[in-house]
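Please open the model beside this note and follow the points in order. Each one takes a single part of the fold.

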Amino acid sequence: MKIAVYPGSFDPITYGHLDLIERGLKVFDKLIVAVLINSSKQPLFTVEERKEMIREATRHLPGVEVDSFEGLLIDYMKKREAGVILRGLRAISDFEYELQIASINRKLNEEVETLFLMTNNRHSFISSAMVKEVARYGADVSDLVPPHVVEALRVRFAQKDTRRA
Ligand code: PNS
């Protein structure tokens, strides 16, 4: 059974991530979507909320497992006995960052490979950061994220507004 881990922040999951998951499943029998628990970042959604949004978005895809990890990705790979890290490349601008991550991971464990898939052109401009920026001001993000994420963003930003008032 070919297993890959697709790690990331997923704050929140976008159609770009979903496209990568769907195409990753053509190559792998099982894909573990792993949310990084990063205590030094201030995410919009908790790890549990992010996992639940990914679960909902991938409900139609057998072969997807949603999990989270803390610490080094390479240690998590060992724990899950997975040999391939899946990452998406949207544009040239992603390349340097991705090269750094892949190189460090290879230095830490040469047996783990990083595989890149090009994000579908339609989604190449979507990032979670951009989605949050736009949704914060009430703009329509329904082309960028699944309906349940649109709703979660609406609720979260409404809560933030109430707290500020
Ligand atoms: O979606 P992101 O935030 O670009 O994902 C980055 C991620 C989670 C893949 C990367 O930060 C990561 O693997 N962090 C875990 C810590 C680690 O292993 N660091 C060494 C390689 S950068």
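This is a predicted model: local features need pLDDT of at least 70, side-chain atom pairs count only at pLDDT 80 or more; totals for chains, interfaces and linings use all residues.

1. **S1 and S2.** Start with strand S1, residues 3-8, and strand S2, residues 30-36. The two strands are parallel and share six bridges.

2. **S2 and S3.** Now move to strand S3, residues 64-69. S3 also pairs with S2 in the parallel sense, again over six bridges. Here Leu-36 stands opposite Phe-69 in S3. Helix H2, residues 47-57, carries the chain from S2 to S3. This crossover is a right-handed β-α-β one.

3. **How enclosed is S2?** Count its buried residues. Six of the seven residues of S2 are buried, so the strand is largely enclosed by the rest of the structure. Buried here means under 20% relative accessible area.

4. **S4 and S5.** Strand S4 covers residues 84-89, and strand S5 covers residues 113-118. They run parallel and are joined by six bridges. Val-84 stands opposite Glu-113 in S5. Between the two strands comes helix H4, residues 92-108. S4, H4 and S5 form a right-handed β-α-β unit.

5. Two features deserve a look between S1 and H1. Most residues other than glycine have a negative phi, and most peptide bonds are trans. Phe-10 lies in this loop. Its phi is positive, about 50 degrees, although Phe-10 is not a glycine. Phe-10 is also buried, because its relative accessible area is 3%. Pro-12 sits in this loop as well. The peptide bond from Asp-11 to Pro-12 is cis, with omega near 5 degrees.

6. **Glu-81.** Which loop holds Glu-81? Look between helix H3, residues 73-79, and S4. Glu-81 has a positive phi too, of about 55 degrees, and is not a glycine. Is Glu-81 buried or exposed? Its relative accessibility is 72%, so Glu-81 counts as exposed. Phe-10, by contrast, is buried.

7. **Asp-19.** This residue belongs to helix H1, residues 15-27. Asp-19 is buried, because its relative accessible area is 10%. What does Asp-19 touch, leaving aside its neighbours within four places in sequence? The contacts are Thr-119, Asn-120 and His-123. One atom pair can be checked directly. A polar atom of the Asp-19 side chain lies 3.1 Å from the backbone nitrogen of Asn-120.

8. **Asp-143.** Asp-143 lies in the loop between helix H5, residues 128-136, and helix H6, residues 147-164. Asp-143 is exposed, because its relative accessible area is 64%. The cut-off for exposed is over 50%. Asp-143 and Ile-126 are 17 residues apart along the chain. Their C-alpha atoms are separated by 9.7 Å.

9. **Thr-58.** Look in the loop between H2 and S3. Thr-58 has 5% relative accessibility, so it counts as buried. Which residues does Thr-58 contact, leaving aside its neighbours within four places in sequence? They are Leu-18, Ile-21, Val-64 and Val-66.

10. **The ligand.** There are 13 residues around the ligand. Those that come nearest are Ser-9, Gly-71, Leu-73, Arg-87 and Tyr-97. Three of these names return in the distances that follow. An N or O atom in the Ser-9 side chain is 2.6 Å from an oxygen atom of the ligand. For Leu-73, a polar backbone atom is 2.8 Å from a ligand oxygen. For Arg-87, an N or O atom of the side chain is 3.1 Å from a ligand oxygen. Taken alone, the ligand exposes 530 Å², and the protein buries 77% of that.

Key: Residues are numbered from 1 along each chain as its sequence is written. Side-chain values use heavy atoms; hydrogens and water are left out. Two strands pair if DSSP finds at least two bridges between them. Helices (H or I, at least four residues) and strands (E, at least two) are DSSP runs, numbered from the N terminus. A crossover is right-handed if, with the strands pointing away from the viewer, the path from the first strand over the helix to the second runs clockwise. Buried means under 20% relative accessible area, exposed over 50%, partly exposed in between (1.4 Å probe, protein chains only). A polar contact is a pair of N or O atoms within 3.5 Å; within protein, one must be able to donate a hydrogen and the other to accept it, and residues adjacent in sequence count only if both atoms are side-chain atoms. Contact means heavy atoms within 4.5 Å. A residue is near a molecule or strand if one of its heavy atoms lies within 4 Å of it. Accessible areas come from the Shrake-Rupley method with a 1.4 Å probe; for residues, only the protein chains shown count as cover.
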